[in-house]
Amino acid sequence: MAAAVVVLLVGAAAGMLITLASVGSPEEAPGQDSIDVGFAQDMRVHHLQAITMAGMARDRSEDTEVRQLAFDIESTQLDQSGQLSGWLTVWGQPTLSPPDQPHMRWMAGAHTHADTSGVDLMPGMATSEELMKLRALKGTEFTVYFLQLMLRHHEGGLSMATYAADHARLGYVRNLAQKIASGQQAEVTLLTTMIKARGAQPLPG
């Protein structure tokens with residue numbers, strides 16, 4: 001477990017260094033109400049919950065295949081979260097969404113559930129009650145519920161990543177958003193297969 005934690009920390013630090021090397025001049029920094037900043041802040045919040053759930057599965061699942069997938073999700077999203085945090089720091093913006101404002105307001109033209117006023121809970125995010133249930137479960141029930149929550153989480157993040165890939169102003173933001181969308185779409189297929197292989201179904205929509 002210690003070796004895995006070291007790998008994860010190194011990956012997160014590498015993500016930050018890659019970020020600092022990729023951003024342009026301060027004059028190119030997007031404003032606080034831009035798609036670029038909104039995406040970076042909201043996707044970071046979205047990723048942090050996935051990292052938390054994946055860390056639980058890496059440590060507690062008795063299923064080797066699920067532990068490997070959880071490690072992959074955790075390491076990938078730690079790296080991406082480091083890049084998002086690095087951009088926001090360089091741009092002079094908070095590294096998380098303002099707590100007094102709804103999420104996804106930057107997707108006002110996307111015709112999503114976010115509408116123009118945003119949402120309090122982003123699509124796919126687990127509620128506090130669902131996280132408490134996950135922590136309380138054990139064995140196969142824990143593993144299956146983790147897969148179900150992570151599938152819904154990935155599906156919920158796709159609309160944000162796709163919108164930012166199409167509409168963000170900065171090329172490196174569009175590139176990472178597209179990478180996130182492609183990676184999570186592939187994992188949606190994998191998660192669906194793994195859930196059915198364990199005799200369960202995705203959570204109701």
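Predicted model: local features only at pLDDT ≥ 70, side-chain atom pairs only at ≥ 80, totals over all residues.

Residues are numbered from 1 along each chain as its sequence is written, and side-chain values use heavy atoms, with hydrogens and water left out.

**Overall fold**
- The protein has six helices and zero strands, where helices (H or I, at least four residues) and strands (E, at least two) are DSSP runs numbered from the N terminus.
- Of its 205 residues, 49% count as buried, meaning under 20% relative accessible area with a 1.4 Å probe, protein chains only.

**Helices α3 and α6**
- The axes of α3 (residues 64-91) and α6 (residues 171-197) come within 12 Å and cross at roughly 160°, the axes being lines fitted to C-alpha atoms over the stretch in contact and the angles running from 0 to 180 degrees between N-to-C directions.
- The two helices, α3 and α6, are therefore roughly antiparallel to each other, a term used for angles over 145 degrees.
- Residues in contact (heavy atoms within 4.5 Å) include Leu-69, Ile-73 and Trp-87 in α3, and Leu-176, Ile-180 and Met-194 in α6.

**Ala-177**
- Ala-177 is found in helix α6 and counts as buried because its relative accessibility is 0%.
- Leaving aside neighbours within four places in sequence, Ala-177 is in contact with Phe-39, Ala-161, Ala-164 and Ala-165.
- The C-alpha atoms of Ala-177 and Asp-166, eleven residues apart along the chain, are separated by 8.7 Å.

Key: Parallel < 35°, antiparallel > 145°, perpendicular 65-115°, else oblique. Buried < 20%, exposed > 50% of the residue type's maximum accessible area, 1.4 Å probe, protein only.
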